[in-house]
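Subject: Structure handover

Hello,

Here is the structure for you to open. My notes follow below it.

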Amino acid sequence: MQLSQRIRGINPDASNSWEVFDRAREMKLAGESVVELTIGEHDTATDTAILSHLHQSAVDGHTGYSAMSGTDALRQAVAARVEARTGVPTSAANVLITSGGQGALFAAHMLACDPGDSAAFIDPYYATYPGTIRSVGAVPRPVMARAEHNFEPSYAALSTSTRGSRSLLVNSPNNPTGVVYSAETLNNIARACQENDLWLISDEVYDTQVWHGSHISPRTLPGMEERTLVIGSMSKSHAMTGSRIGWVVGPEAAISHMAELAINTTYGVPGYIQDAALFALQQGRSFEEDIAAPFQRRRALIQPLIAAQDVVRAVPSMGAMYQMLDIRATGMSGIDFALRLLKEEKIATMPGESFGQAAAGHLRVALTVDDDTLTGALGRMLAFARARALQAAG
Ligand code: PMP
């Protein structure tokens, strides 16, 4: 049977960003011991208090079809949270509950783009971005943010590379780079969106993980509220990756159109998950800080190790659960380095190439193992890089 262009086009060159991750999992299944510094998932499970709440909600009968745009209580809680954090008046009508941040990214692009439209995003990018854009029939258009510029896009790149696009997707704190965009960069983003009449899709799923600088939601900037769709998620802030719950915050009319999409795709997020998410949000900031703390601590632990050598360079991570390492001095690509590192040192990392051209020759290290395992693995990685660099120098 014939397959649609659109479904075949989601990953047109059948590339696998997760190749190293998949191999590491195979090795583990075969009984090998591998240090996994690959995906952005906490090394702790969802808190048992949240799980008890989830269970109780189900036992109490919230097992039927649930409110498709989200329960009123959860939408109100998300609205209150966004308003408290940003100062922008926000009500339940500005919130759509989705299947994770990923569902929100899809809905936002469905809202912004028609088939064939160009949808811009910043490179390096979270690995699903181009596929999400192609899933709605739009054409991904990268805006380069180079390591030499702290992985932040310049105004020139933003302005020229988004001309003629319908939307611009940005992510701060950033996965994979760990960079928190400066106020200047965010102002430039806002300016480019206004000049080129773009929807701004602002992926803020790491907004509780900021170690340096401060998180500014671009929805707060002058003239941006009406053209910004904020992507949120409980995955990172509350260690609820498997619960698949997130949201889009945006103008009321946009939200009600995206609600139509929810009716015709997911038919809503399970009620007991929504109740658990509400309970989780009610636990307040200190709960979120406890979940974020290990990443902040590990980020601090590894900086001196990186600073103590001169082969691997790094833009110090300012937020999220990652550190990017620049391994270009070894003469190897990120993918070759990551595959050899896995084979020889049994350490799995994500090659920068999985996150775009601007991240080529880099590795993304997820800070998602205990402190000693992380520092031990990083020490071995740095020694491995030094040996490769010496070899390359002949
Ligand atoms: N955006 C970014 C930047 C991410 O890193 C992720 C997950 N790794 C997501 C969105 C999607 O997360 P989820 O669907 O679990 O909310």
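Strand 9 and strand 11 pair in the antiparallel sense, over five bridges. Two strands count as paired if DSSP finds at least two bridges between them. Strands (E, at least two residues) and helices (H or I, at least four) are DSSP runs, numbered from the N terminus. Within this pairing, Gln 323 has Val 365 of strand 11 as its bridge partner.

This is a predicted model: local features need pLDDT of at least 70, side-chain atom pairs count only at pLDDT 80 or more, and totals for chains, interfaces and linings use all residues. Residues are numbered from 1 along each chain as its sequence is written, and side-chain values use heavy atoms, with hydrogens and water left out.

An open sheet of four strands runs in the order 1-10-11-9, with mixed pairing. Strand 1 (35–37) and strand 9 (322–326) stand at the edges. Each has a single partner strand, so one side of each is left without a neighbour in the sheet. Neighbouring strands here are turned by 35 degrees against each other on average, direction ignored. Axes are lines fitted to C-alpha atoms, for helices over the stretch in contact; angles run from 0 to 180 degrees between N-to-C directions.

Strand 10 (residues 347–351) and strand 11 (residues 362–366) run antiparallel, joined by two bridges. Met 350 has Arg 364 as its bridge partner in strand 11. Helix 13 (residues 334–345) packs on the sheet and touches strand 10 and strand 11. Its direction makes about 170 degrees with that of strand 10. Contact means heavy atoms within 4.5 Å. Pro 351 stands opposite Leu 363 in strand 11.

Why is strand 11 largely enclosed by the rest of the structure? Because five of its five residues are buried. Buried means under 20% relative accessible area, exposed over 50%, and partly exposed in between (1.4 Å probe, protein chains only). Both faces are covered: His 362, Arg 364 and Ala 366 on one side, Leu 363 and Val 365 on the other.

Seven strands form an open sheet in the order 2-8-7-6-5-3-4, and the pairing is mixed. The edges are strand 2 (95–98) and strand 4 (139–144). Each has a single partner strand, so one side of each lacks a neighbour in the sheet. Neighbouring strands are turned by 20 degrees against each other on average, direction ignored.

Strand 7 (residues 228–233) pairs with strand 8 (residues 246–249) in the antiparallel sense, over four bridges. Ser 233 has Gly 246 in strand 8 as its bridge partner. Helix 10 packs on this sheet, touching strand 2, strand 6 (199–203), strand 7 and strand 8. The direction of helix 10 makes about 25 degrees with that of strand 2.

Two residues to look at

Ile 291 lies in helix 12 (residues 284–307). Ile 291 is buried, with a relative accessible area of 15%. Not counting residues up to four places away in sequence, Ile 291 touches His 42, Lys 236, Ser 237, His 238 and Ala 239. Ile 291 and His 42 are 249 residues apart in sequence, yet 8.4 Å apart in space, C-alpha to C-alpha.

Tyr 267 sits in the loop between helix 10 (252–264) and helix 11 (271–282). Tyr 267 is partly exposed, with a relative accessible area of 38%.

Best regards
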